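Subject: Handover of a structure and its findings

Dear colleague,

I am handing over the structure discussed below for your further work. Please find it here, followed by an account of what was found in it.

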Amino acid sequence: MTEKLEGMSPRSQENSPRTSDLSPVTHHPSLKLAVYWTGSCGGCDVSFLELGAALLDVLSKVEIVFWPALVDAKRADVEALPAGAIDVALINGTLRTEENREMAELLREKSKLIVAYGACAHLGGIPGLANLSQREEILAAVFGDGFRPTPPPGGSPEDAPPELLAAALPLSAAVRVDYVVPGCPPPPGLISRTFDALLGELPPTGHVFASEKALCEECPRTKEDRRLTKVVRPHELLPDPEKCLLDQGMICLGPVTRGGCDAACPKAGMPCTGCLGPTPNAGDQGLAMLSALASLVRAGEEGEAAFASEDKVLDAIVDPVGTFHKYALPATWKVPSSLRGGGSGRGGRP
Amino acid sequence: MFVCHCGKNIAGTVDVARVSEALARHPGVVYATHHEYMCSEPGQELLRRAIREHRLTGAVVAACSPSMHETTFRRAAASAGLNPYLVEIANIREQCSWVHEGPAATDKAIRVARTMVEKVKGNHPLTPVEVGHAEKCLVVGGGIAGIQAALDVADAGFEVLLVEKSPTIGGRMAQLSETFPTLDCSQCILTPKMVEAAHHPRIRLLTYSEVEEVSGFIGNYHVRIRKKPTYVNPDRCNLCGECAKVCPIRVPSEFDCGLSERAAIYIPFPQAVPSSYTLDEGSCLGLVPLRCGECAKVCEPRAIDFDMHEELLEEDVGAIILATGYELYPKEAMAEYGHGTVPDVIDGLQFERILSASGPTRGEVRRPSDGRVPKEVVFIQCSGSRDPELHKPYCSKICCMYTAKHALLFRHAVPDGKAYVFYIDIRAGGKGYEEFVNRAMEEEGILYLRGKVAKVFRDGDKVMVWGVDTLTGKRVEVAADLVVLAQAVVPTTGAPELARKLRAAVDAHGFLQEAHPKLRPLEALTGGIFLAGAAHAPKDIPEAVAQGSGAAAKAVAILSAPVLTHSPEVAEVDEALCSGCRICAPQCPYTAITVDEVAHVNEILCEGCGTCVAACPSGAMTMRNLSDVQVQSMIRAALSEVPEPAEVKGG
């Protein structure tokens, strides 16, 4: 865990945005805000709308300097800004291309605070599952063998599509991240908590805008029969509305995942898939869940005779990596050099 | 870093000087040495001196298993001013020198020692957990072992609850005729103890009672005891016996092993304690609604009370002694010996009742089928014992002796009778035992035949016994009048269930498991629970009495302690991180975890096994002095390469 948060660890003194002249919140009439997407589905950009009426209040207090989805500022406009001109840049999406990384580095230079917004920026996210395959394999599968990014007909070399990085990376692999707003996408409660902080009292660097405790704490379902005798997928069961989903055999990642969403999925009868990321001490989210499941599974006779039956229960888990590491694979799993292949880009974790 | 040679035990395989030299160069180690015997006084002094001179903040002794000398070295360190929990043992004997050879052993010893250095670096000074305790002892089982334990604890000044399942204390010993090798009358030497227990001011007798529930932990057990109604007020009952005479019911007597009958209202034997009749609800015609009531009509002292209710008692006790005794392996399990269907094939306890002056035949040897005096009696030893294929693999220990006694007493009772004893080996290890068996063999004219009996079956009014005398190689066939089977000793039926309630382990055969076969034979693995008598393993009377006294001494050590201490190296919850998901609680083999909003660890119950730590999904549960960070650096220390030896200067 400590290593995983390296990119978010307290900044060195000379880079601190809270020294000397700046105090973006109290001394400036409005917060200079940038929102950027790297390898992203767009959901994070839409998530701001979930604030509802409160969004109007937020908008009245910020000045949007750069937000490709919303305003017509270009990369060159950002490049023209002096260092530190942006108060806060919220970056969503995984880092997948050279351009993603360049933009992250550019925004880092121009911004006092960088916020990793959403599961992709936080942990690598669902696109991070691509790290199970080599970059070349991915390119070949999508574009055919021997594909190379080339400029469009008549274009100059710099018009070529950006090179793919060797692996999908969380934002912290490229730049220092000050805060994290987790979630896929971040739930409205956490978004407003974030703006409250950005427009008011700043928490210590490295803060994750979510609960320190696991989701179970805010889940209203009753936890009684702490045994896993079978594994079911969500479509296979109409769950009891009162009982813990894990007790009913659904692989719910609530116990290893930060709270903060008010247990939205479990309340709706769907197991938590872990989008808010691991609790501070859980370490590798997927491994922590596997370890817990190994403790919970009970089948067959007592003792060694049970092993085979218990294995059978766990064998019913379809797509273990996608289940246990749905969001955090790039943040927890160092891509082996054998998968990294040649070419440019920093593979795996820094 | 202190590396022990353990004579040749470690130094014969591991290059201890090299281990010491390599560890001296390990980051954080300021002092490294080796010594012939670290556990010796000079070895301990070496540790104490180094702590003082180098102001050590941690020490690792690379030696034998921590279960041997961890306490020794921690105590030595404490006397030199170092917190004992900053001392760790690197096991380079059991886990290294004894199981490896060649240079690889030295390489591993270095890794093991380094690993523990990394652990010590992350250790925090701790103080033992302290807790108060109840000053009362529960003894379960009122046989001779339980009685002795109860008397000894009570004599030491502590209250005792003596719980017995049957209506009287006395146990198996009360059923015996005479005891080997002295031929004392069993009841004559037992009943004074029973009376003493009954009248002891600090012993509370709870007969016809069973332990229903046990919770808590060493020093602080909470027990619930169910006392069944006897429907007879013992203070009023004058033992006139009129009730039993008018009772229309007759059922086999448990005390006489089915050789006689008793009424539904009965007293097991005249000297029973408490001295009172008991109405057995199970065999009575019916109490609700009352269907007979004849007994009450003739009871002059009006002792019978059909409205008596069962009582539930709740008590706090500091220690529990389990003395639940034994049963005999059922004859019905012996297909080769007639499945228990031949009336004149009986077991050893039945023969005790036949020999007993208070027994169904008033001490005359008569056989069950027709009451005739048997002339030819065959005694079969190891019936169900030492037979791993079909029955019990173990030796029941007491049978050689009681069979010799049986044969001898039979010859005394029937001087013209013939006694045959089939045996595998004679095991007579005990004071005066060998002499007793020799007397039976040589002076009493008992024919000992070395061999197993293949088959026993009924033939008219005889019982045919087919066997082999392995010393002569001849087949032996005896047309016997009576066959006595020395059935294997097995634990009482309810013992494993009771053990489960107490979280005390039982072995594969249901006998209670001791904490260490050599050094902790009186203790269960669960703290504060002690074992006495045949519930632990087959035992004769002197052994059961000795173990009863021993268990009492262990119990008194708890009851008399001003405060109990427990290792602080236990699991701990970070309440700021615990979500109360409850995954940990059912994993705990010691039921040390309770959960409300967050999980709580009972530090006295926790044995530090770490199961909950592995199960905790959010990392809120940690082990004191064995954090994830420590484990990670320990793994790194174990796996990183061992550097080449430094150049040796000089010669």
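How much area is buried between chain A and chain B, and what share of that area do carbon and sulfur atoms give? Please bear in mind that this is a predicted model. The buried area comes to about 1500 Å², and carbon and sulfur atoms account for 55% of it. Of the area that chain A buries against chain B, 34% is supplied by Lys213(A), Arg226(A) and Asn281(A), which is more than any other three residues provide. In terms of contacts, 20 residues of chain A meet 17 residues of chain B.

The interface may also be described by its interactions. Sorted by class, the side of chain A that touches chain B consists of ten nonpolar, four polar and six charged residues.

Over all chains, the count of salt bridges reaches 62 by this rule. One of them joins Glu105(A) to Arg101(A), with 3.9 Å between the closest N and O atoms. Both residues belong to helix 4 (residues 98–110) of chain A and are four residues apart, which means that about one helical turn separates Glu105(A) from Arg101(A).

I turn next to the sheet of chain A. This is an open sheet of five strands with parallel pairing, in the order 2-1-3-5-7. Strand 2 (62–66) and strand 7 (179–181) of chain A are its edge strands, each pairing on one side only. On average, neighbouring strands of this sheet are turned by 30° against each other, direction ignored. Strand 5 (residues 111–117) and strand 7 of chain A pair in the parallel sense over three bridges, and Val115(A) stands opposite Tyr179(A) of strand 7.

Two helices of chain A may be noted alongside this sheet. Helix 2 (residues 54–61) packs on the sheet, touching strand 1 (31–37) and strand 2 of chain A, and its direction makes about 75° with that of strand 2. Helix 7 (residues 188–198) of chain A lies across strand 1, strand 3 (86–92), strand 5 and strand 7, running at about 160° to strand 3.

Chain B has an open sheet of five strands in the order 20-27-21-22-23, with parallel pairing. At its edges stand strand 20 (345–347) and strand 23 (447–450) of chain B; each has a single partner strand, so one side of each is left without a neighbour in the sheet. Strand 20 and strand 27 (residues 482–487) of chain B pair in the parallel sense over three bridges. Leu485(B), in strand 27 of chain B, is the bridge partner of Asp347(B). Helix 12 (residues 399–413) of chain B lies across strand 21 (376–383), strand 22 (418–423), strand 23 and strand 27 of chain B, and runs at about 175° to strand 21.

Finally, some backbone features deserve mention. Which peptide bond of chain A is cis, with omega near -10°? It is the bond from Cys184(A) to Pro185(A), and Pro185(A) is found in the loop between strand 7 and helix 7 of chain A. In chain B, a cis peptide bond with omega of about -5° joins Val288(B) and Pro289(B). Pro289(B) lies in the loop between strand 16 (278–279) and helix 10 (294–298) of chain B. Cys257(B), although not a glycine, has a positive phi of about 50°; its place is in the loop between strand 13 (251–252) and strand 14 (261–262) of chain B.

With kind regards

Terms used:
Residues numbered from 1 in each chain as written. Chains lettered and ligands numbered in written order. Predicted model: local features only at pLDDT ≥ 70, side-chain atom pairs only at ≥ 80, totals over all residues. Heavy atoms only, no water. Contact = heavy atoms within 4.5 Å. Buried area = accessible area lost by both parts, 1.4 Å probe. Nonpolar A, V, L, I, M, F, W, Y, C, P; charged D, E, K, R; others polar. Pairing = 2+ DSSP bridges. Axes fitted to C-alpha atoms, helices over the stretch in contact; angles between N-to-C directions. Salt bridge = Lys/Arg side-chain N within 4 Å of Asp/Glu carboxyl O.
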